[in-house]
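Hi everyone, thanks for making time.

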Amino acid sequence: MAAEFLVTLYEYSPLFYIAVVFTCFFVTTGLVLGWFGWDVPVILRNSEETQFSTRAFKKQMRQVKNPFGLEITDSSSASLATGVTLTTDCLEDSHLTCYWGCSVQRFHEALQKHAHCFRVSTPRALEEALYSDYLHREQYFIKKHSKEELYCQLPSDTDIEDFGPVPRPRYPLVALLTLADEDDREIYDIISMVSVIHIPDKTYKLPCRILYQYLILAQGQFYDLKQLFMSANNGPTPSSNPSPADTSAEQSLLEKAGLAGTEVGPVEESSKDCVVCQNGAVNWVLLPCRHACLCDSCVCYFKQCPMCRQFVQESFALCSQKEPDKDVLEAS
């Protein structure tokens, strides 16, 4: 029998080899295209397909009440020579302490000390962490729920017209908001908010804006507060659009200052409708692009942001759902 099988295989070997080659080709094609439902080896995928198939994780967010609010009033008129007007809106009585010409190195060392050594819960604690390495200090008492406008200015006797070329050793203005009552520090998780503010001067005439905001928690953590980008139903009016020359000049100044990667314009007005279905309320924020543009029903169908086409690595819900859907909470 064995001899007969070998003779038969020899006689029909061309057909046998063709069948083997065809079978191998069919199986390989099915693996690459995913016909059998098996996982495709990474070596057979390109980088875009690998990133596209990456699991997008849904973060479980914890709601924390921030008792502090700080905005810049009329940023177009603010400068180092004329000063700046700040508007506060706090839930409790607070202290606003402004440090002009604060050392960049000492400032970030102070944040690290909050995490490892002691808590920056009062202006005095921050000054000790800074080793008083600033040029001028102003302090104001803020009553709760009162939207006060406070005018801050660097004294003229300091004879400072600008803070030098980049990289600058000092921040123009650092504003610290702390709770005035010690008992309130036991109620809120967030006990301080630090804002780093750019003030235009003779060297860099970029508009006044908040560069960074840090939320300081009582447990020793500090978080960098980021803006969310919401979709808008109505675009900006033509009068509000800057000219191409102004935009180009401002971008050039940002690149020189090392701030080209930060957000330049104000946050867009929020829209109630999902950008995909135009029916559900916007509830999901996509990371790392920080676009809030999808509702609970549409978020499970997208691995790329519909606004900027960036791949979604993580996401979180702005409001918790009453009846969570498994398809929404689990990454597809």
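The open sheet here has six strands, in the order β5-β4-β7-β8-β9-β10, with antiparallel pairing. Strands and helices are DSSP runs numbered from the N terminus, with at least two residues (E) for a strand and at least four (H or I) for a helix; two strands pair if DSSP finds at least two bridges between them. At the edges sit β5 (136-142) and β10 (222-224), each pairing on one side only. From one strand to the next, the twist averages 20 degrees, where axes are lines fitted to C-alpha atoms, for helices over the stretch in contact, and angles run from 0 to 180 degrees between N-to-C directions.

A word on what we're looking at: this is a predicted model, with local features needing pLDDT of at least 70 and side-chain atom pairs counting only at pLDDT 80 or more, while totals for chains, interfaces and linings use all residues. Residues are numbered from 1 along each chain as its sequence is written, and side-chain values use heavy atoms, leaving out hydrogens and water.

Now, which strands does helix α5 lie across? Helix α5 (residues 123-130) lies across β4 (94-103), β5 and β7 (170-179), at about 15 degrees to β4; contact means heavy atoms within 4.5 Å.

Finally, look at β14 (residues 314-317), which pairs in the parallel sense with β1 (residues 57-59) over three bridges. There, Lys 59 is partnered with Phe 316 of β14. Strand β12 (residues 284-287) runs antiparallel to β14, joined by four bridges, and Leu 287 has Glu 314 in β14 as its bridge partner.
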